[in-house]
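Take a look at the model before reading on.

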Amino acid sequence: MLLLLPPSEGKTPAPDGAAPLDLTTLAHPELTARRRQVLAELAQVSAQPGATAALGVSDGLADEVARNTTLHEAPTAPAAEVYTGVLYAAAGLAALPDAAARRAQASVLTFSGLWGVVAPGDRIPAYRLGMGIGLPDAGRLATFWKPALTEVLDARAAGDVVVDCRSATYVAAWKPRTVGVGADGTPPAEWVEVRVLRETDGKRTVVSHNAKHTRGVLAGHLLRREHEARTSEDVLKAAQELVGSVVLTEIGSGKDQTLIEANLLDGKPRGPRTLELVLA
């Protein structure tokens, strides 16, 4: 299984005194040269007037943008602790039991405009940079990363099932090859995107607000269950194991959202199958 996650928008800085960044220790060291380029450009852009606008964030995040100028010296922590958004909290990625943590390190990749991809145990500093941003030389980051990620991840995903919890911005940086045989003779991957629906009065609509949380619950379950998913049907089975459970309780209303159905839908030949998770 290869489990793809988006980064959280906010990041939790590592404690002072923690080890500084060492790019050579990150997963897929083939990406080191590109990581170094983006890191240098990000520091330059972040030091200029109008840096928040250039990076597509509000002026209220100026301190976080300023932190981009010293990432080489900044303290680091495992990515699973730096990324602390809704999806990561629901997955419990930073507090997995040993066996699940080993599975996560081998199978989870977080996509990033700065790093390309990182594994949960990779030590990184807190930073601000989205995949949809363009830098002076690198250009649009999804386009910049795509050839390198294709070379690295096509080989990693070959013959495996790819469970995709990313948003469209990050999907643009790499799409699994689902048909044909690679140049090196490797088989294609099975690609499963996760979509969350809500049923109200018999009508189903796509969920946006609670989708990250629901994807996180599924990710945590895939990592903790006894048997690792190796096919799209295994992923469906894992999701069906959660049917009947309360996925979340809405803030404000206090209403429980229960997973009532999980379905696997076929897609276009070169696209993903869709795992639909229905809440009610």
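Helix 1 covers residues 32–46 in this predicted model.

Which residues of helix 1 are buried? They are Thr-32, Arg-35, Val-38, Leu-39, Glu-41, Leu-42, Val-45 and Ser-46. An α-helix has 3.6 residues a turn, so residues three or four places apart point the same way. The cover over the buried residues of helix 1 includes helix 2 (51–54), helix 3 (62–67) and helix 7 (141–157). Strand 4 (116–118) and strand 6 (134–135) also contribute to that cover.

Now the pockets.

| Pocket | Volume | Lining by class |
|---|---|---|
| Largest pocket | about 620 Å³ | 14 nonpolar, 9 polar, 6 charged residues |
| Second largest pocket | about 230 Å³ | 3 nonpolar, 4 polar, 2 charged residues |

The largest pocket has a volume of about 620 Å³. Its lining counts 29 residues, and the closest to its centre are Pro-7, Glu-9, Ser-167, Tyr-170 and Lys-212. Helix 5 (86–91), helix 8 (168–171) and helix 9 (211–224) each supply at least two residues of this lining.

What lines the second largest pocket? The residues are Val-86, His-209, Asn-210, Lys-212, His-213, Leu-248, Thr-249, Glu-250 and Ile-251. Helix 9 and strand 11 (246–249) each give at least two residues to this lining. Lys-212 lines the second largest pocket and is also among the residues closest to the centre of the largest pocket.

Methods
Residues are numbered from 1 along each chain as its sequence is written. This is a predicted model: local features need pLDDT of at least 70, side-chain atom pairs count only at pLDDT 80 or more; totals for chains, interfaces and linings use all residues. Side-chain values use heavy atoms; hydrogens and water are left out. Helices (H or I, at least four residues) and strands (E, at least two) are DSSP runs, numbered from the N terminus. The expected span of a helix is 1.5 Å times one less than its number of residues. Buried means under 20% relative accessible area, exposed over 50%, partly exposed in between (1.4 Å probe, protein chains only). Contact means heavy atoms within 4.5 Å. On a 1 Å grid over the protein atoms alone, a cavity is a set of points where a 1.4 Å probe fits but cannot get out, and a pocket is an open set with protein on both sides within 12 Å along at least five of seven lines; lining residues have an atom within 4 Å of a point. Grid points are joined across faces, edges and corners, and a volume is the space filled by probe spheres set on the points. Ala, Val, Leu, Ile, Met, Phe, Trp, Tyr, Cys and Pro count as nonpolar, Asp, Glu, Lys and Arg as charged, and the others, Gly among them, as polar.
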